[in-house]
Every structure is written in C-alpha cells, then in structure tokens.
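Here is a short report on the salt bridges, core, surface and confidence of one model.

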Amino acid sequence: DSDDGIALVLRLPNIAEELKCICQIRDGWDEKVYRICDKKVMAWLNSKLDRIKEKTSHISNDKEATKYAIGLVSEYLPDEILLDLLQNHQMVKTDVYPKKRKKNAYESSQVNGEREYINDSNEPASGAANRVDPTELRKIRQKQKEKKKKADEKAEKLKKMASGTRSIMSFFSKKSTKTK
C-alpha cells in the first residue's frame, strides 16, 4: 500500500538529505519522522522557478517569465500547492492559464465516460477581486480533509463488517456427520 511505497522511497540513497529541502525531520522512537513544511516547499519551488527563469532569456519581462515558469512547474503540482504558489506570487490561475486547461492524467477522472476539466471561468476576470483568498484556500483544504476522513471512516466500517464473516469456501465444504 502507501506505507510500502514510502518505505521504498526512504531506502533510496541520499533521500534523507533531499527531504531536508521540503521537510522537517525529527528523530523519534526507532525511526525518523518526516513532516512536510509549507515554507520549505515554497522556498524550494521558488528556487526551481528562478532556475527556469534563468533559462528563459527569450522572455524579457520578469512577470511574464514567472508566469511561464509557474505554468511549467504547475503541471506537476497538486491544486492546493499551486494555489499557494500563485498566492505567493500574487497571481491567479487565469494569469497563468487564460483558457481552460485539461487535467493531468493523475488529476483526471472518468465520469460517465467523459473527462473532467479544470474550469476557471467562475472566477472574476481581473483586478484585486481575482486574487486567491486565504479563507477560500482554507475552505478547499478543509473539504479535502473531510473527504479523506469520510473515505477512511468508510474503509474502517467495511473492515469491521468483514471481520466477522466466513470464507466463501466454508459454504461448499462437506459437513462432517457423526455416527453413533
């Protein structure tokens, strides 16, 4: 499961050093504990944006180069981190993506055979009202936490229900009859 994946990642050479860039690392019990740090993630992303902007000598305007760099990096970011990054640079999605953009393979889902798309058209067109509001960002994160909590509760409920059930093979085995 996901714990196995994490264990595999932690066995990679030099991964602890690499995780220091985005995580707080604490020694606890028998193992190290890694906790992601939003400030470190933003600093790391900003360093990546700076490296991309250095390579974009064909774009003379710094703001346009930043939009370009965020556009490239955003393809690999979940929406909540992208919103934080945009807020950090005082931008919104429509600044980077003036049109609707398709979700990446990991973001998309099939609903009735149709692919979903990110729809930014319900946001204001321009101006100060178009900035990402921190309360809105908190609401989005809260909804994501609630969805995860509900999914975890559902999985736990199914686990409890399955704990008292018999194997299907037990219904097809011969019953032993005792003769006196």
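## Asp79 and its partner

Asp79 counts as partly exposed at 27% relative accessibility. The classes are buried (under 20% relative accessible area), exposed (over 50%) and partly exposed in between, with a 1.4 Å probe and protein chains only. Asp79 forms a salt bridge with Lys93, 3.6 Å from N to O. The pair links distant parts of the chain: Asp79 sits in helix H5, Lys93 in helix H6 (residues 93-96), 14 residues apart. Lys93 counts as buried, at 10% relative accessibility.

A salt bridge here is a side-chain nitrogen of Lys or Arg within 4 Å of a carboxyl oxygen of Asp or Glu. Helices (H or I, at least four residues) and strands (E, at least two) are DSSP runs, numbered from the N terminus.

## Basis of the model

This is a predicted model: local features need pLDDT of at least 70, side-chain atom pairs count only at pLDDT 80 or more, and totals for chains, interfaces and linings use all residues. Residues are numbered from 1 along each chain as its sequence is written, and side-chain values use heavy atoms, leaving out hydrogens and water.

## Other salt bridges

The rule gives seven salt bridges. In one of them, Lys148 and Asp152 meet at 3.4 Å, N to O. Both lie in helix H7, four residues apart, about one turn of the helix. Lys148 is exposed at 54%, while Asp152 is partly exposed at 44%. Salt bridges with shared partners join Asp50, Lys53 and Asp62 into one network. Within it, the closest N and O atoms of Lys53 and Asp62 are 3.5 Å apart.

## Nonpolar core

The largest nonpolar core has 14 residues; Leu45, Leu49, Ile70, Leu85, Leu86 and Val96 touch the most other members. H3, helix H4 (62-74) and helix H5 (79-88) each supply at least two residues. H3 gives the largest share, four residues. Such a core is a set of buried Ala, Val, Leu, Ile, Met, Phe, Trp, Tyr and Cys residues joined through side-chain atoms within 4.5 Å.

Beyond four places in sequence, Leu45 is in contact (heavy atoms within 4.5 Å) with Val73, Leu77, Ile81 and Leu85.

## Confidence

The chain averages a pLDDT of 76, and 72% of the residues score at least 70. pLDDT is the predictor's confidence in each residue, from 0 to 100. Where pLDDT is low, the predicted coordinates should not be read in detail.
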